[in-house]
Amino acid sequence: MLNQISNHSLRQTRHGFALIITVVLVAFLVLILVGLATFTRVETQVADNTEALSRARQNALAGLSLAVGQLQEHLGRDERVTARSELIGGVGPGNNAFITGVWNTNIAGNLPATPDAWLISGTEGAAPPNSTAGLQDASTAVSAAFDDDNGWVFVVYNNSVGTALADRPRRVRLAKQAIEVPRAAIPGLGGAGNVAIGHYAYWVGDEGVKASAAVVAPDYSTLTYDNGGTGGDAWNNAVASNTAETGATLRSRLAQFAQPYRRLDHFYPGMDYTIGSTMAELGRVTDLPQLQFVTNSVAAPATRLANFRARFHDITPLARGVLARTDAGNAAGTDRLRADLSATAAAIAPATSAVNDYWVTRPFEFSTNPPDVLGAYYRIAGRKDAAAGSNLSFSLAPVLSEAGLFVAFGPPPGGGNMSLIATVVGEFWNPYAATLRADSNLRVLVRTGPDPIEFRITDTDSTVHIITVGANTDIVSGVVAANQDFGPGAVLQFTTTDTGQFSATTVGGQVTSFNSGQPANDVDSCELPQIEAGGLIIQLQENTGSGWATLQEFALAGRDAEADVAPGGADGIVAGYGFELHRDFGLWSNPNHPSGNARDPRSADFVTDDHLAALSLGRANSNWSPNASENNVPSDVAEGAPFENASSIVLFDLPRQEIISVAQLMHMPGRRPYELIHGANDRGLFDRAFVSTVPRNAANWNYITQARPNPFLEVFMPERAPGAEIGDATDSATVVADKRRDSLRDGAISSRFQLIRGAFNINSTSSAAWAAVLGSRIEAWDTQEDAAATVNRAFFRVPHGAQEKGLANLVITNIAEDNPNAPSGALLDDASALAAIGRRLTSAEVTALADAIVAEITARGRPFASLAEFVGAPSADPSDGTRTLLQKAIDDSGVNNVLTDTPTESYRHSAGAITPADIITAIAPFMSARSDTFKIRVYGDARNPVTETVTSRAWCEAIVQRIPDLAEDPTAAAADVVRANPNDYRFGRKFQIISFRWLTSDDL
């Protein structure tokens, strides 16, 4: 019985276990099925998300293609310029300030305020290119980067520009543009019309209006070639027989030719070019966020990031530019790329020999007592005519700043009858920042004009004697002995009483004598004649070995007669006719002098006007009496500022080595001082020409590894150019290198193979960018008088001769504010400004100057069509008369306020002042009237047309660069690229993407 019960219980237990096993197995099966379903669903969702992201990215890439296409269509051609909408006060809702506009320069007159196109989404298809319908108000308070319900998206957001209230207007918000397909094409949707399956939006940011951070000085130690100077100026030479400067001296001078470093440390505290590998790292930066990782010893990471956000619209790693002209219009057969003066100057036509002679001028000797490699001497040379189609001449001579013709009535030096005796007195001014040496004799010659001059003398017997000097007759000349030196800026006086080099001369053959033996004191009175304008002529002449050649000629103003002139003593009557350059210094230094009468003091000839005053007529600020009879002391010449004995006035420069921009040609003589900057015929050179400094005398110059004097250019070698220009697969490496060097050296096509490094668009409305460009820094500036020093915010009026005078002549308003400069230099005042080599600004002055320039550009309300238009642009204020835009900006900034500015003492254009010419010279190697580098921010999303929801979104960023290649024919020969007929090449030059990255909303 018990056994039966146990068996029964056992059977029941086994049945329960089986049930549990079954349930467990079923549960496992259910779990597996659920898991498989879940995994399938997740996988499906991942696939859907991936597909949606892929579609969003494809839509973003479609937007990028549209953006590049818009760039190519509207900006590929050379005759286009760009500016941000900030230039016209903003555009669209909220006055968006950072939208890129494109203007076509091929119109008559000034460009309009409204551009031909805005480079934003929403301007494609039926919308006009300059439509602003795609813009949204970026300054409103929103908490998200996008709004699908209202159809907008940010492409520049808080993480790019900052989160503060003041940062909001710096963002960019756009209306999303729908990507549509027919509804019938969507399975299960059907119906008529279209439906959106996604959106895109793009913004093209102008990088050329920003300051390039990665512009740094190259390794100049690789400069090892002869630069063609007549003094043997090889970059790698040591001083040999005092005939040349050291390579180190030459290299140090290069920093003076333009602004070498951007003012990054002002915006990014602690970013110091001298710390660690900062310079090398900057050269490798390709995108703005990378700048925060450059060597930095001060700022914390959070501070760095905030600094870069604050300068998103002001600083760029590196903008490049094509050496193209914006002023060529649509005319066929016109060069559209600039010519390289480095190549053409050596083979320039005879009609333009003046430019060539200036270009190749070098010192003929260096100081030997004491030995001084910086003390350069230039031989005084004859004048060359103005270049064809230009006002620029060449002269290497001092200026005759004052002269006196003294006449006396008495016995001649050897005794004898009463005669007319003439003496000439001269004062010479060397306006150059280098010593001039009279290798051969110089002389001052006084001669009559087309009419004779009569002196009437009455003796004590009341007898009238007439002494006649015939027309076109040499009256007297005074000779300066050979090997006379004229120091930099020096004013030297030569008179009979001081040096004996000028001697009294009897006017032979034209004297009516008194009775034999009659003493001089028997003269009772004299009538000094009236002299018509041009009746007396003074010439500065050079002995060429075969005769006297005129270096400078003055046709003097007229003067009235002076009767009853009484004897002045035992020597009888002595009278002086004085002539001098006007003491209004502004006439000789300010090309836009308010009188409209500015004149280059080195001009070849002076007509009978007010430039050389006949001082016996009573000119102001003269040491000469209006009565000729009272001017009887020749040593009184050269008294009175600014042209007085022992003074130093430097205005112009002479090349000691190769120049790096056409702006330095402004030191050539013209009608007005700095003619290239302000003369309409010559400032077009800024658009037509550039200076490559590609070496002419280095057979094996390596264009890849070796530096050249101009650091603002880099080699661009196209991939598909003809083999004759860049080599091909059948050529050896040596042949390829030779062909590419030849292409770079060909002045007519050289611009095809180069890009401007750090190109800066002068239509920029960014004060910070202007301040970064103008606030230069020079490391270890080496001069004759000082230890190597760091020099901040320097503008060199005379960059070639600056090293000779040193830091003490680089004047500044407040040395204490110029940290980290060495505690050296002269404080700015009238006297120091005349003798200066240039000017240092304080940080506050740079900021004020940048703000004033931008204020003028903005007030103008339209971009400049060319560089020539910019350098000569009038002030935006129509009441300003001849004052230029840059001059008004300088005046408004107050940087020259400490200097005197009156009609007779205009020191605000001396070398210690800041002038428009100084600003242009500082930026000339890299300035442009357009931009060729752009940052494109693009948005794309994928939309479910059934649920009408956005399923995925993507942002991307690309840097796009315009290059010299023609878009329609990248294989064209260089000659065709330079002179491309715009009617044949509608899309101009090619744009290419040089960097790309995907973004998230955290990157915006």
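**Exercise 1. Sort out the aromatic pairs.**
A search of the whole structure turns up 17 aromatic pairs. Work out how the rings of Phe 864 and Phe 870 are arranged.

*Solution.* 
- Start with the rule: rings of Phe, Tyr and Trp (its six-membered ring) pair if their centres lie within 6.5 Å, and planes under 30 degrees apart are stacked, over 60 edge-to-face, the rest tilted.
- For Phe 864 and Phe 870, the centres are 5.1 Å apart and the planes sit at 75°, so this pair is edge-to-face.
- Next, check burial, where buried means under 20% relative accessible area, exposed over 50%, and partly exposed in between (1.4 Å probe, protein chains only).
- Phe 864 comes out at 0%, so it is buried; Phe 870, at 1%, is buried as well.
- Ring pairs also tie Phe 864 and Phe 870 into a cluster with Phe 760 and Trp 770.

A word on the model: it is predicted, so local features need pLDDT of at least 70 and side-chain atom pairs pLDDT 80 or more, while totals for chains, interfaces and linings use all residues. Residues are numbered from 1 along each chain as its sequence is written, and side-chain values use heavy atoms, leaving out hydrogens and water.

**Exercise 2. Classify a second pair.**
Now do Phe 934 and Phe 991: which class do their rings fall into?

*Solution.* 
- Their centres are 6.1 Å apart and the planes meet at 55°, so call the pair tilted.
- Phe 934 lies in strand β44 (residues 933–944) and Phe 991 in strand β46 (residues 989–999), so the pair links distant parts of the chain, 57 residues apart.
- Strands here are DSSP runs of E, at least two residues long, and helices are runs of H or I of at least four, numbered from the N terminus.
- Both ends are buried: Phe 934 at 0% and Phe 991 at 6%.

**Exercise 3. Step back to the whole protein.**
How many helices and strands are there, and what share of the residues is buried?

*Solution.* 
- Count 21 helices and 46 strands.
- Of the 1004 residues, 57% are buried.
- For contrast, look at Leu 29 in helix α1 (residues 2–75): at 52% relative accessibility, Leu 29 is exposed.
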